[in-house]
Amino acid sequence: MLGVALVAALFIAGSSTWAQLAVRRTLEDHLQSELRTALEANATALELWGQGQFRTASLVASDPEVHDPALSLLTNAPVNATPPGGPRTGGPGMGGGPFQRSPQQETFAQALDEKLRVLGHQAAVLVSTNGRVLAASSRMRLRSGSPVPADRPEAFQRVQSSGQPANVP
């Protein structure tokens, strides 16, 4: 009798361990599948958002009110230019003295500011092929000739490698 009880106890323990592992494996597989689906949905949503941002940037860049001043700035951009006093941001209390723009930069900034406001964006920067700022929207207090903002060098690299505009949120 004791032998039968021992065998039954071992069978029950083995069965419950097997059932626990099977349930655990099923739950892990289900969770992994749900996480994979969520990740794929997020990646797709991000890709669609990026495509929309690219289209928006392309539309703004092709608008004659923005395109013409930008093209003029790009055409007249000196190669390897740095601003007097070195590349730094301007503005009172920032060590750069009063912030000033050329008339071309001001025209570009005003046109760009209006488009950005309507679209709900805050700022944008026009960068030359040598990685220097040519002009920026009014919220970006960057001097002409400054290097690409340090927190956005990947955008400039994409522009250089693809020849396409980059929109970095």
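Which pattern does the protein chain follow when read along the sequence? In this predicted model, the order of elements is α-α-α-β-β-α, made up of four helices and two strands.

Of the 169 residues in the protein chain, 20% are buried. The accessible surface amounts to about 11,600 Å², and carbon and sulfur atoms contribute 62% of that area.

The largest nonpolar core consists of 11 residues: Val60, Val66, Ala70, Leu73, Phe108, Ala111, Leu112, Leu116, Leu126, Leu134 and Ala135. Two or more residues of this core come from each of α2 (64-75), α3 (103-119) and β2 (133-136). The greatest contribution is that of α3, which supplies four residues. In soluble globular proteins, nonpolar side chains tend to be buried together.

With residues up to four places away in sequence excluded, Leu112 touches Val60, Val66, Ala124 and Ser137. Leu134 is located in strand β2. Its relative accessible area is 8%, under the 20% cut-off, and Leu134 therefore counts as buried. When neighbours within four places in sequence are set aside, the contacts of Leu134 are Leu73, Leu74, Ala77, Gln105, Leu126, Val127, Ser128 and Ser144. The C-alpha atoms of Leu134 and Ala70 are 8.7 Å apart in space, while the two residues are separated by 64 residues in sequence. Both Leu134 and Ala70 belong to the largest nonpolar core.

Conventions. Residues numbered from 1 in each chain as written. Predicted model: local features only at pLDDT ≥ 70, side-chain atom pairs only at ≥ 80, totals over all residues. Heavy atoms only, no water. Buried < 20%, exposed > 50% of the residue type's maximum accessible area, 1.4 Å probe, protein only. Areas by Shrake-Rupley, 256 points an atom, 1.4 Å probe, with all protein chains shown as cover. Core = buried A, V, L, I, M, F, W, Y, C linked by side-chain atoms within 4.5 Å. Contact = heavy atoms within 4.5 Å.
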